[in-house]
Amino acid sequence: METRHGVTQPLLEVQDLRVTYPSRQGGLAEVVRGVSFSLGQERLGLVGESGSGKSQTGRAIMGLTAPGGRVQAERLTLGDVDLLRCSETERRQLRGRRMAMVLQDPKFSLNPVMSIGAQIVETLQRHQSVSSRHARERALDALAAVQIDNPRRVFDLYPHEVSGGMGQRAMIAMMLIAEPQLLIADEPTSALDVTVQLEVLSILDRLVAERGMGLIFISHDLRLVSSFCDRVLVMYAGRIVEEVAAADLAHARHPYTQGLLECLPRLGEPRHPLPTLDRRAEWAQ
Amino acid sequence: MRGLSLNDVRVTFGDFVAVDAVSLDVAPGESFGIVGESGSGKSTVLRAICGLVPLARGSVSLTGAPGLPAPATQAFRRQVQMVFQDPYGSLHPRQTVDRMLAEPLAIHGFEQAEQRIEQALDDVGLGAGFRFRYPHQLSGGQRQRVAIARALILEPQVVLLDEPTSALDASVQAEVLNLLETLRRQKGLTFVMVSHDLAVVTHLCERLLVMQRGQMVEVVSAADLAAHRVSAEYTRSLMRASVGFQRA
């Protein structure tokens, strides 16, 4: 792993991250309960089922925790920036410029009343002072970089005029245009068809490798994540229960990770009934 | 037990042909799968079977005995029930489980509603404690169990399953798939299941139809698919995609 990073200081450091929301009963619900990890120029998978806190972890790093939620940590740094001490304005300058996030469904994450090109140009001009003409060229390059065949045509299209796979590529182009060091992808391919999924992943893979970014890939799909990432953090009930090198997933030790792998139906290996997950209370402790 | 027969089914929306020339026979008691990507027409086939979209051509019929009800009759709808993909969208948010299960019984004039509702909840592993809850008080897996109970409470012969587990977590998916298998065995049901997940379809179904752009690509048995004995290139590309990401 060290040789891959080639850097001494990690890109992102998270120590004892906690996210709490007020609960309906009047108390506090802790949805992320002491998550710690550090990230270099690598692909890190964050896997868990709904409610495990994986998306809340990503959002807390981005500074996009919903109003009412409270983020605490011993340490939350991006390079030399202490994210815990940033003002909202500073946070806004970091988002897009130094860290960016790709969301699940381009149908909802793109602005429906702006053309795709205009959205990408806006993102770029928000962070860099470039002329409109130059910005347009950069946006066209970005669209070409995500393997869109005819960037000029797509530039002028609106989100509803493109397919899901095309929309997600445009989203990735937009997120990468200001050249962030950290990309958080929250279920970036879950809304896409299987064959399109793989195209989008290989684009993401190439860009992350070429630009030396750090990637946090959040997903419920343990198999997909392990085929894509260098290492995987498995989350359960707001905590990391296991860290495993992606190649070693078959030798995962935690019963939750094993259970998640076991309960998937497999092609060519019929098992009736499927093994189910026997959740134990101590996993959540 | 009843089977299904589709003969040259075509569905159009305006000028757009969503499904074209689909013919297939599902044997009584069989579990039959339909796979394909979004826009391939797989869900439209299910909707055409149960009469939610009109046929532009062709016909749908129940098979397995003489004098079976014709499509678009109440008797046909009682025998052919559907479970939808998204249990967050398919249950009425302001009705209790009890009311949602009582409604189909009232429409079809069933008696002993009380007993049937309790039995249906029992069958799907929920128990009477869930009877007066609202959907927002249930998890995704519990909601899908309610949707299955609602379909089965009419004692149908054929159950149409439209991506019944794709909105669920992997561990919950396993539970729902096991439940569907058990119910099918106990009640002698015929399944037609649509999914984009080859592993899920081959787990539950004996044969499956691969669709692309509204057309039939091929019909293969689950065993042939698992052994990679498929003839169409499109089926192969779906199989490759289901393995996961491979770095070039």
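**Notes on the two-chain model**

1. Let me start with helix 6 of chain B: across its 18 residues the distance from first C-alpha to last is 26 Å, close to the 26 Å expected at 1.5 Å a residue. That expected span is 1.5 Å times one less than the number of residues in the helix. Helices here are DSSP runs of H or I with at least four residues, strands are runs of E with at least two, and both are numbered from the N terminus. Just past the end of helix 6 of chain B, B:G188 has a positive phi of about 60°.

2. Some housekeeping: this is a predicted model, in which local features need pLDDT of at least 70 and side-chain atom pairs count only at pLDDT 80 or more, while totals for chains, interfaces and linings use all residues. Residues are numbered from 1 along each chain as its sequence is written, and chains are lettered from A and ligands numbered from 1 in the order in which they are written.

3. Back to helix 6 of chain B, where the buried residues include B:V172, B:V176, B:L177, B:L180 and B:L183. Buried means 20 or more other C-beta atoms within 10 Å of the residue's own, exposed means 12 or fewer, and partly exposed is in between, with C-beta atoms placed from the backbone. The buried residues of this helix pack against helix 4 (113–123), helix 5 (140–152) and helix 7 of chain B, together with helix 11 (255–262) of chain A.

4. On the interface: 27 residues of chain B are in contact with 30 residues of chain A, a contact being two C-beta atoms, placed from the backbone, within 7 Å. On the chain B side, helix 6 (170–187), helix 7 (198–204) and helix 9 (233–243) each give two or more residues. Helix 6 of chain B gives the most, with seven residues. By type, this side of chain B divides into 12 nonpolar, 10 polar and five charged residues. The classes are Ala, Val, Leu, Ile, Met, Phe, Trp, Tyr, Cys and Pro as nonpolar, Asp, Glu, Lys and Arg as charged, and the others, Gly among them, as polar.

5. Chain B as a whole has nine helices and nine strands. Its radius of gyration is 18 Å, close to the 18 Å that the globule rule gives for 248 residues, so chain B is as compact as a globular protein of that length. (The radius is taken over C-alpha atoms, and the rule is 2.2 Å times the number of residues to the power 0.38.) The C-alpha trace of chain B spans about 55 × 45 × 35 Å along its principal axes, and 42% of the 248 residues are buried. Of the contacts in chain B with a separation of 6 or more, 68% are between residues 24 or more positions apart.

6. One residue of chain B to look at is B:C205, in the loop between helix 7 and strand 8 (207–212). With 23 other C-beta atoms within 10 Å, B:C205 is buried. Leaving out residues up to four places away in sequence, B:C205 touches B:S31, B:F32, B:G33, B:M193 and B:A222.

7. Chain A splits into domain 1 (2–98 + 186–284) and domain 2 (108–179), with bounds from an automatic or database domain assignment. Their C-alpha centres are 26 Å apart. Where they meet, 12 residues of domain 1 are in contact with 14 residues of domain 2, and the domain 1 side divides into eight nonpolar, one polar and three charged residues.

8. The largest nonpolar core has 150 residues, of which A:A173, A:F217, B:V192 and B:L208 touch the most other members. Such a core is a set of buried Ala, Val, Leu, Ile, Met, Phe, Trp, Tyr and Cys residues joined through C-beta atoms within 7 Å. Helix 8 (residues 164–176) of chain A provides the largest share of this core, eight residues. Both domain 1 and domain 2 of chain A give residues to this core, so it lies between them.

9. Finally, helix 9 (residues 194–211) of chain A has A:V194, A:L198, A:L201 and A:L204 among its buried residues. Their cover includes helix 8, strand 8 (182–186) and helix 10 (222–228) of chain A, together with helix 9 of chain B. Just after helix 9 of chain A, A:G212 takes a positive phi of about 60°.
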